[in-house]
Amino acid sequence: MPDFFDFVESVDSHIHVEVLKLYPDAELPRFHTVSREQDRLVIDYVSSRGMENLAFGLFHGCSTIFDEPVHITAAAHDEAEVKSVRFTLARAS
Ligand code: HEM
């Protein structure tokens, strides 16, 4: 059964890929998994748009829908002048 972390990782590898097929002009963020453990997913949000607050809210809302609550922290993590935010999703037990 796919869990919440599987879903989060699928946004970059599947969901936004399909969005781009339907809307070639879409400007989508990239998500890069830094590390994944049973109870903790560290993932970088990379976008020139700086919409990390939207990403935060979507992560939060999805975790509720999956009934897998997480504590979310975010920290600026700019690399090579590209705006990036490192999210840590830690399962709330
Ligand atoms: C946890 C789930 C998701 C997260 C965290 C996420 C994150 C984001 C963020 C932050 C943006 C704003 C653009 C940017 O920051 O560069 C965005 C744009 C967008 N996303 Fe997602 N997304 C998620 C799921 C989805 C799903 C399920 C769909 C569609 C089935 C989708 C379709 C889109 C579309 C259409 C845009 C607008 C692109 C544009 O304005 O050109 N996303 N997403």
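At 30% relative accessibility, Phe 66 counts as partly exposed. That class lies between buried (under 20% relative accessible area) and exposed (over 50%), computed with a 1.4 Å probe on protein chains only. The model is predicted: local features need pLDDT of at least 70, side-chain atom pairs count only at pLDDT 80 or more, and totals for chains, interfaces and linings use all residues. Residues are numbered from 1 along each chain as its sequence is written, and side-chain values use heavy atoms, with hydrogens and water left out.

Now the rings. A pair of aromatic rings is described by the distance of the centres and the angle of the planes. Rings of Phe, Tyr and Trp (its six-membered ring) pair if their centres lie within 6.5 Å; planes under 30 degrees apart are stacked, over 60 edge-to-face, and the rest tilted. The structure holds seven aromatic pairs. In one of them, the centres of Phe 7 and Phe 66 are 5.5 Å apart and the planes stand at 40 degrees, so the pair is tilted. Phe 7 lies in helix H1 (residues 4-22), while Phe 66 sits in the loop between helix H2 (52-65) and strand E3 (70-76), so the pair ties together parts that are 59 residues apart in sequence. Helices (H or I, at least four residues) and strands (E, at least two) are DSSP runs, numbered from the N terminus. Phe 7 is also partly exposed, at a relative accessible area of 28%.

A second pair is Phe 31 and Tyr 45. Their ring centres are 5.8 Å apart with planes at 55 degrees, so this pair is tilted. Phe 31 belongs to strand E1 (residues 30-37) and Tyr 45 to strand E2 (residues 40-46); the pair links distant parts of the chain, 14 residues apart. Phe 31 is buried at 9% relative accessibility. Tyr 45 is buried at 3%. Ring pairs join Phe 31 and Tyr 45 with Phe 56, Phe 59 and Phe 87 in a cluster.

Next, Asp 3. This residue lies in the segment before H1 and is buried, with a relative accessible area of 19%. Its side chain reaches the backbone nitrogen of Phe 5 at 3.2 Å. The Asp 3 side chain also makes a polar contact (N or O atoms within 3.5 Å; within protein, one able to donate a hydrogen and the other to accept it, and sequence-adjacent residues counting only if both atoms are side-chain atoms) with the side chain of Arg 91, at 3.2 Å. Leaving aside neighbours within four places in sequence, Asp 3 is in contact (heavy atoms within 4.5 Å) with Arg 36, Phe 66, Glu 68 and Arg 91.
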